[in-house]
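Reader: Could you walk me through some side-chain features of a protein model? I would like to learn how to read them.

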Amino acid sequence: MKLQTVFKRYEYKYLVTEEQASAVLDGMRGKLVPDKWGKSTVVSLYYDTPSYALIRRSVEKPIYKEKLRLRSYGRAESDSTVFLEIKKKYKSVVYKRRISLACSEAEAYMNGGEIEHKTQISHEIDSFKRIYSPLVPAVYVSSEREAFYGDGDFRITFDRNILCRDTDLTLKSDSYGTAILPEGKILMEIKTGRAIPLELSKILTENKIYRTSFSKYGTFYIKGGLYKKCLKDCLIRS
């Protein structure tokens, strides 16, 4: 199967209980199959400016926002394939563009090196890095994910045990950190380039599952106290 590098879709988020998650999967039985990764540990390393300019803008909920992250499935080794991704959101539509690299090559590139084989997307990442220079590793995020797909580009993911930290910032380390999900909750995301299927809309309504706004990095920025650190640094500089 060809690796998908460009995404344009809506991403709807819900905080659900185990019972509600089961109701969704039971109701969609026969219409969903596990995706390529199935159950996996998804690890992301978010890059930001030293003053957290990207996440500070993001939590203000602007019409347009963007972020850059390095992602792996499970703990990475130097030769593991990882994904360097630009993720943008404009008027509720999410655009994601990514390239795949060996972890060692991706780390070297983010530390000022060059990518050997250039593509249109890698040039876009180059531009992103120049605009927000200097970019540094800011937050590590891991989650236990169960993913499914349906017709076309329709996907549903369930993230449990979301952990974040702002130390030991490498994909090569174990998953640990501050838990950011409310107790007893799972983050469910519906990702589609079209409308949510009617049968799924009915399931959501019947089980009182409502959309919410939830950012893993943004939640940790607030819950983990990074905003206080940022404010303190700003006051010191002023």
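Author: Happy to! Let's start with a charged residue: Lys 191 is buried yet has no salt bridge, and Glu 189, the nearest side chain of opposite charge, is 4.1 Å away. Buried means under 20% relative accessible area, exposed over 50%, partly exposed in between (1.4 Å probe, protein chains only). A salt bridge is a side-chain nitrogen of Lys or Arg within 4 Å of a carboxyl oxygen of Asp or Glu; Lys and Arg count as positive, Asp and Glu as negative, with His and the chain ends not counted. This is a predicted model, where local features need pLDDT of at least 70, side-chain atom pairs count only at pLDDT 80 or more, and totals for chains, interfaces and linings use all residues. Residues are numbered from 1 along each chain as its sequence is written, and side-chain values use heavy atoms, leaving out hydrogens and water.

Reader: Which residues is Lys 191 in contact with, leaving aside neighbours within four places in sequence?

Author: Contact means heavy atoms within 4.5 Å. With those neighbours set aside, the partners of Lys 191 include Glu 11, Asp 153, Arg 9 and Arg 145.

Reader: And where does a charge sit over a ring?

Author: The test is NZ of Lys or CZ of Arg within 6 Å of the ring centre and within 35 degrees of the ring normal. Here the charged end of Arg 165 is over the ring of Tyr 140, 3.6 Å from its centre. Lys 129 lies over the face of Tyr 109, at 3.6 Å from the ring centre.
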